[in-house]
Amino acid sequence: MMNYTNGQDLKKHQWENRVVIIVSQNEDSRVYQEQITEFNSLPKELKERKIIVYQVLPDRYKLMNYQIKGKDIEWITSPTLFDKFANNKEDFKVILIGLDGGIKLEKTEVLSTTELFATIDVMPMRRAEMKNKNR
C-alpha cells in the first residue's frame, strides 16, 4: 500500500504515471465538477494510460488513482499543490504532466477525455507501450 502523504512531491510519479492535475478555486465550480465527471466516466482508459488524477483545491487535495480499485482516497489538508499550480487569474485549470515530469498540456476549460487521450496517444512513450501491448 502506497502512502500519499508526501504528495507535494510529484517526482515520485515520474516514469510510473502520467499525472493530471485539476485545480479549482472552488469545489462547487461547474467546470471543476464537470471535469471530474468526465474523467470518472472512463476509469479503464485512464488506467490503461497510467493516468492518475489529483483534485486540487486551495487548502487540500486528493489523488484519484484508477489503479487501485474501490479505494476511496481521502483529502489531504495542504495548500502546497494549489500554491504550486494555481494562478490567481483563473478559477479553474487542468494540467497534464507526462511520464518524464514535463507539462504536456494546460487548459482553463474542461479537458475532454478525447483530447486528453489523443494528446497522450501520439507521445513516443505511449506509442511504445501500445506496440508492446499488441505483441
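Predicted model: local features only at pLDDT ≥ 70, side-chain atom pairs only at ≥ 80, totals over all residues.
Visitor: How many helices and strands does the chain have, and in what order do the elements run?

Guide: The chain has five helices and six strands, and from the N terminus on they follow the pattern β-α-α-β-β-β-α-β-β-α-α.

Visitor: What is the order of the strands in the sheet, and which are the edge strands?

Guide: Strands of a sheet pair through backbone hydrogen bonds, in either a parallel or an antiparallel manner. Here the six strands form an open sheet with mixed pairing, in the order β4-β3-β2-β1-β5-β6; the edges are β4 (76-77) and β6 (103-107), each of which pairs on one side only.

Visitor: How do β1 and β2 run, and how many bridges join them?

Guide: Strand β1 (residues 18-24) and strand β2 (residues 51-57) run parallel and are joined by six bridges, with valine 19 standing opposite isoleucine 52 in β2. Helix α1 (residues 30-40) packs on the sheet, where it touches β1, β2, β3 (60-65) and β5 (92-97), and its direction makes about 155 degrees with that of β1.

Visitor: Which residue forms a salt bridge with glutamate 34, and where do the two lie?

Guide: A salt bridge is read from the distance between a side-chain nitrogen of Lys or Arg and a carboxyl oxygen of Asp or Glu, which must be within 4 Å. Glutamate 34 forms such a bridge with arginine 30, the closest N and O atoms being 2.6 Å apart, and both residues lie in helix α1, four residues apart, or about one turn of the helix. Glutamate 34 is partly exposed at 36% relative accessibility, whereas arginine 30 is exposed at 57%.

Visitor: Where do lysine 50 and glutamate 129 lie, and which residues are linked in a network of salt bridges?

Guide: Lysine 50 forms a salt bridge with glutamate 129, with the closest N and O atoms 3.5 Å apart. Because lysine 50 lies in the loop between α2 and β2 and glutamate 129 in helix α5 (residues 124-133), the pair ties together parts 79 residues apart in sequence. The network links Arg18, Glu48, Arg49, Lys50, Asp121, Arg126, Glu129 and Lys133.

Technical notes:
Residues numbered from 1 in each chain as written. Heavy atoms only, no water. Pairing = 2+ DSSP bridges. Contact = heavy atoms within 4.5 Å. Axes fitted to C-alpha atoms, helices over the stretch in contact; angles between N-to-C directions. Buried < 20%, exposed > 50% of the residue type's maximum accessible area, 1.4 Å probe, protein only.
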